[in-house]
Amino acid sequence: MEGLLIHAVVRELAGQLPLRSLGWAFPDEGTAALLLEGVGNLVLRYRPPNPIFTVEPGRLEGEARTPFQRLLAARCKGRLLALEQIKLDRVVVLAFEGEKGFVEVAPARLVFELTGRNANLILCDLEGQILGIDRPVTSAINRFRELRPGLPYTPPPPYQKLDPRTLQQEELAPFVGRTLAELARKLDGVGKELSAELARRAQMIPQTPLAAEHLPLIHRVIHSLVEQPGGQAHLSEDLRQAWEEEETEALRKPLREALQRQIKTLQARLQDYQRAIERLEEAQRLRQWGDLLMAYGHTLPPGPVARLPDFFGKTVEIPLEKGLSPIQNAVRYYERAKRLEGSAEKALALIPATEAQIADLEAALRQLEHLSRTELLEQNRKIRIKGPQVGLRFRSPGGFEVWVGRNSKENDFLTRMAHSEDLWFHAQGLPGSHVILRTQGQPAALPDLLYAAQLAAYHSKARGETNVPVDYTPKKHVWRPRKAAPGQVLYTQGKTLFVDAALPEG
């Protein structure tokens, strides 16, 4: 999206600020929509390669799908106070007032970079420190700047271009003899789309050399482009359809992966059954060894190997287990042969049923690709109802998911399943639940920490007490000692919060 098109949206809203925010919606993993009172949705489509910044009437829907979107919904609250575009660059800064109440939300700045394949959305505090970012940028990706939580925000590199908003006709004189396309490249906020619009309005082709008599017309056309840049005013039906397709695919993906896992498991079993049948020859050989040892065992000299003629006159070498008589070795060989024969017999019975299961699952997988969004929603709902949920689940004031184990097995499972950068909480020195604050490396505000600490205190032997110490540390510093029972862990680099052992509000 080009700078002048962004400027038109900023200009449209600037006269109405401040505007009350009615909350966020997230139509897909790369789009955030801020509902503004009396205006509609301010849409920020921030995933590359085609970012969009526009005002859309009506009301868009969608829950937060990523940790960054949950952080965005939790930290960008209150009135929208200001919209600032840096020059006519493809960078917009949104200033939020914050909120006061039971959980105070500090003012924040949201930087939207609509820079094509490098598009990004960055959440900062008032000092410019990055609190969260959709796509971190490391020094290996960009030599000029690094963007990740904890670092100060660095804007894109500065540049020098003509500002079409304040452009005077005299400033066009150096372009006499040069083409219209060359002039367009020197205009701030003008890209390919607006360059073509500039040529259309001037009734010239981009390769036309400019003469002095062209300058008044070009000057007027440039100012008309500033006032009415054209372009897409609202979201296209293509984008709406893309959102629906993306959501449908997101619903289809876990179902597809579950079917593929089942098919892979059954195919592995089928291979095991085939191997069991192939080992029937081995069972035959072991049974023959047992027969020979039973027939000639009383004549064998001591040693690790018995050399005996088989029933066809050929010499056979039979390994003997140390400490066992030939007859005892024969019994062992009979037992091994019986097990192999039993496995083969069971495999023969199971192969047809397994092949039928695989065929049914493959048919279900093909059918899955043709299910509608409504049918996929129903399938996912059935799976959620059927599948048991391990531990209790909560949502912190900042929008982070919180896991609480209810017994030693759940404590062990949840702690093992947590991300290495999630925060682990436990009442200090007391039996109780492991509590996981699912930050995945995102900075957690004090209300989030206190929320998780209260849950850890409440789900411990200290329930009902006041001023209970609760330790917390990143999960990567928590480990289960060798031979320790499930849920028993050690940890380092812990910090301590003092909270009341009561369920947090909300």
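Two strands pair if DSSP finds at least two bridges between them. Helices (H or I, at least four residues) and strands (E, at least two) are DSSP runs, numbered from the N terminus. The model is predicted, so local features need pLDDT of at least 70 and side-chain atom pairs count only at pLDDT 80 or more, while totals for chains, interfaces and linings use all residues. Residues are numbered from 1 along each chain as its sequence is written, and side-chain values use heavy atoms, with hydrogens and water left out.

Consider strand β14 (residues 423–427), which runs antiparallel to β16 and is joined to it by five bridges. One of these pairs sets leucine 423 against proline 474 in β16. Strand β16 (residues 468–474) also pairs with strand β19 (residues 495–499), again in the antiparallel sense and over five bridges. Here tyrosine 472 stands opposite lysine 495, and aspartate 471 stands opposite threonine 496. Five of the seven residues of β16 are buried, where buried means under 20% relative accessible area, exposed over 50% and partly exposed in between (1.4 Å probe, protein chains only).

These strands belong to an open, antiparallel sheet of six, in the order β12-β13-β15-β14-β16-β19. Because β12 and β19 each have a single partner strand, they stand at the edges, and one side of each is left without a neighbour in the sheet. From one strand to the next the twist averages 25 degrees; axes are lines fitted to C-alpha atoms, for helices over the stretch in contact, and angles run from 0 to 180 degrees between N-to-C directions.

Helix α10 (residues 408–417) accompanies this sheet. Its buried residues are Glu410, Asn411, Asp412, Leu414 and Thr415. They pack against β12 (392–395), β13 (401–404), β14, β15 (435–437) and β17 (478–479), with contact meaning heavy atoms within 4.5 Å. The N-terminal end of α10 is capped by asparagine 407, a side-chain oxygen of which lies 3.2 Å from the backbone nitrogen of lysine 409. A polar contact is a pair of N or O atoms within 3.5 Å; within protein, one must be able to donate a hydrogen and the other to accept it, and residues adjacent in sequence count only if both atoms are side-chain atoms.

Another open sheet has four strands, in the order β1-β2-β3-β4, with antiparallel pairing. Its edges are β1 (21–28) and β4 (52–56), each with a single partner strand, so one side of each is left without a neighbour in the sheet. The twist in this sheet averages 20 degrees from one strand to the next. Four bridges join β1 to strand β2 (residues 31–36), and the two run antiparallel. Serine 21 stands opposite leucine 36, and alanine 25 has alanine 33 as its bridge partner.

How much of β2 is buried? Six of its six residues are, so β2 is largely enclosed by the rest of the structure. In a regular strand the side chains alternate between the two faces of the sheet. In β2, Thr31, Ala33 and Leu35 point one way and Ala32, Leu34 and Leu36 the other. On its other pairing, β2 is joined to β3 by six antiparallel bridges, and leucine 34 stands opposite leucine 42. The hairpin of β2 and β3 has three residues between the strands, and there glycine 38 takes a positive phi near 80 degrees.

Helix α1 (residues 3–14) touches β3 (40–45) and β4, and its direction makes about 40 degrees with that of β4. Helix α2 (residues 67–75) lies across β1 and β2, running at about 170 degrees to β1.

The nonpolar cores come last. Such a core is a set of buried Ala, Val, Leu, Ile, Met, Phe, Trp, Tyr and Cys residues joined through side-chain atoms within 4.5 Å. The largest has 53 residues, and Leu42, Phe53, Leu110 and Phe425 have the most contacts inside it. Its largest share, seven residues, comes from helix α11 (residues 446–458). Leaving aside neighbours within four places in sequence, the contacts of phenylalanine 53 include Met1, Ile6, Leu42, Leu83 and Phe112. A second, separate core has 24 residues, among them Leu162, Leu167, Ala184 and Leu210.
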